[in-house]
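The report that follows is meant for someone meeting this structure for the first time. Please look over the sequence and the model before reading on.

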Amino acid sequence: MPTVSMTVNGKAVSREVEPRTLLVQFLREHLGLTGTHVGCDTSQCGACVVHVDGRSVKSCTMLAVQADGRVVTTIEGMAAADGTLHPIQAAFRENHGLQCGFCTPGMVMSVADLLKNNPSPTEREVREWLEGNICRCTGYHNIVKAVLAAAEALRGAPAHAAE
Amino acid sequence: MYAFDYHQPASVADAAAALAAAADGKLVAGGMTLIPTLKQRLASPSDLIDLARVDELKGIGEESGSLVIGAMTCHADVAASDIVRRSIPALARLAGGIGDPQVRNRGTIGGSVANNDPAADYPAAVLGLGATIRTNKRDIAADDFFQGMFTTALEPDELITRIAFPVPQAAAYVKFPNPASRYAVVGVLVAKTGGGVRVAITGAGADGVFRATEMEQALSADFSPKALDGIAIPSDGLNGDIHASSEYRAHLIGVMAKRAVAACV
Ligand SMILES: Cc1cc2nc3c(=O)[nH]c(=O)nc-3n(C[C@H](O)[C@H](O)[C@H](O)COP(=O)(O)OP(=O)(O)OC[C@H]3O[C@@H](n4cnc5c(N)ncnc54)[C@H](O)[C@@H]3O)c2cc1C
Ligand code: FES
Ligand code: FES
């Protein structure tokens, strides 16, 4: 079995895996990082979004071997070491941007990628960006509100840049 | 997913050799089509040959009147490229309208064109702009490349290296997207070139992307939306499915084509 090595949330990890292991399986089952969710079989829901080399991707549609040597950030890597929520997470809580919370890890990771490249998105840009993140509870309205609030918070606190 | 052996070649030559050596090898580019297919056990290749580390397949450049895009360039990079936005803005917009941001961060132009999904966007640009598909073996004109849905002129051990798009005088792509996947229910690319007008339709044809020659003739004589009045696209040979009947698709072709012409002028 090939060995894969990557940096996950700042820590170097190395494991033997079958080539058919998905990145999301690797994160959840091999590393025990169950914050990344699986919500579909069709690469459409976005519950599994993580960052690979700083770009948001669907970890259910990538093999662990394809992340060999790369830098991966998951939802577990967003809050500060002392547990202080990342401003995007805080904005979701503040604005009631979640109900069951199943889609939230993917939403937060997707939004972190958006705000890194576009710190002041319009409401329309936020809605377009979230095309690949499906929420079956909230109706999206409060998610969009949370993203706009997070953008404002991050602009006010440059030291806390998205990711 | 069934088990397979995984290879990460660093050059086109090594990738081609690995593909030729495998019992039933498959190239993987962005994996946005192939990995879902493997997950559903609809394919069981013996070997996956990953093109991700083949640097010579990446990048965007210009060559005497053409825009040349490496096969492994992802949709997000095409959409954001200053070169593409300047020389063929319609292509940047097309790439930026594929799927969603995470699909665009992984999916590649080479994978999309090789796959030739009848509802994919890039085939309309490749055919409509009269692009040339460069492979490890030869150059293939777009008019000879697409050979029916999910079928292309590629040989089993042939891989796309680059796609060269001649820069048109004007071009626009307009699609009616499926609201869930963003694949084209109907997509129309109209290009005004030195050699006349080309119109390519994706999403609708039962045999995949095709050229609307009657529209091309009308637009070559008069490049305006009203030149398309009275051209009825027959619904024979068009797809009908849960998303849209063939009659509806025929109607949409006319509407999308007019919008594309209007966006050009
Ligand atoms: C949720 C979702 C929404 C999508 N929406 C759209 C959409 O709106 N419009 C659209 O056009 N597409 C859409 N797609 C498809 C997406 O654009 C894919 O990325 C694309 O079709 C395939 O590209 P890939 O790089 O992922 O190829 P892969 O999945 O890696 O490969 C696809 C096929 O091409 C072959 N191949 C790959 N590279 C080469 C090469 N260089 N030479 C020869 N053969 C090669 C592979 O062997 C395989 O058979 C969507 C996909 C998803 C999951
Ligand atoms: S689990 Fe649904 S897109 Fe990955
Ligand atoms: S909060 Fe339940 S799916 Fe989004």
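## Salt bridges between the chains

In this predicted model, A:E131 forms a salt bridge with B:R182, with 3.2 Å between the closest N and O atoms; a salt bridge here is a side-chain nitrogen of Lys or Arg within 4 Å of a carboxyl oxygen of Asp or Glu. Another such pair is A:K58 with B:D100, whose closest N and O atoms are 2.7 Å apart. Because A:K58 lies in strand 4 of chain A, while B:D100 lies in the loop between helix 5 (89-96) and helix 6 of chain B, this pair joins two chains. Helices (H or I, at least four residues) and strands (E, at least two) are DSSP runs, numbered from the N terminus.

Across the interface of chain A and chain B the rule finds three salt bridges, and over all chains the count comes to 21.

## The interface of chain A and chain B

The contact (heavy atoms within 4.5 Å) takes 26 residues from chain A and 33 residues from chain B. The two chains bury about 2300 Å² between them, 52% of it on carbon and sulfur atoms, where buried area is the accessible area (1.4 Å probe) that two parts lose on being put together, summed over both. On the side of chain A, the residues that lose the most area to chain B are A:R20, A:R55 and A:E131, together 25% of what that side buries.

## Two domains in chain A

The domain assignment, which is automatic or from a database, gives chain A domain 1 (3-77) and domain 2 (87-155).

## Conventions

Residues are numbered from 1 along each chain as its sequence is written, and chains are lettered from A in the order in which they are written. Local features need pLDDT of at least 70 and side-chain atom pairs pLDDT 80 or more, whereas totals for chains, interfaces and linings use all residues, and side-chain values use heavy atoms, with hydrogens and water left out.
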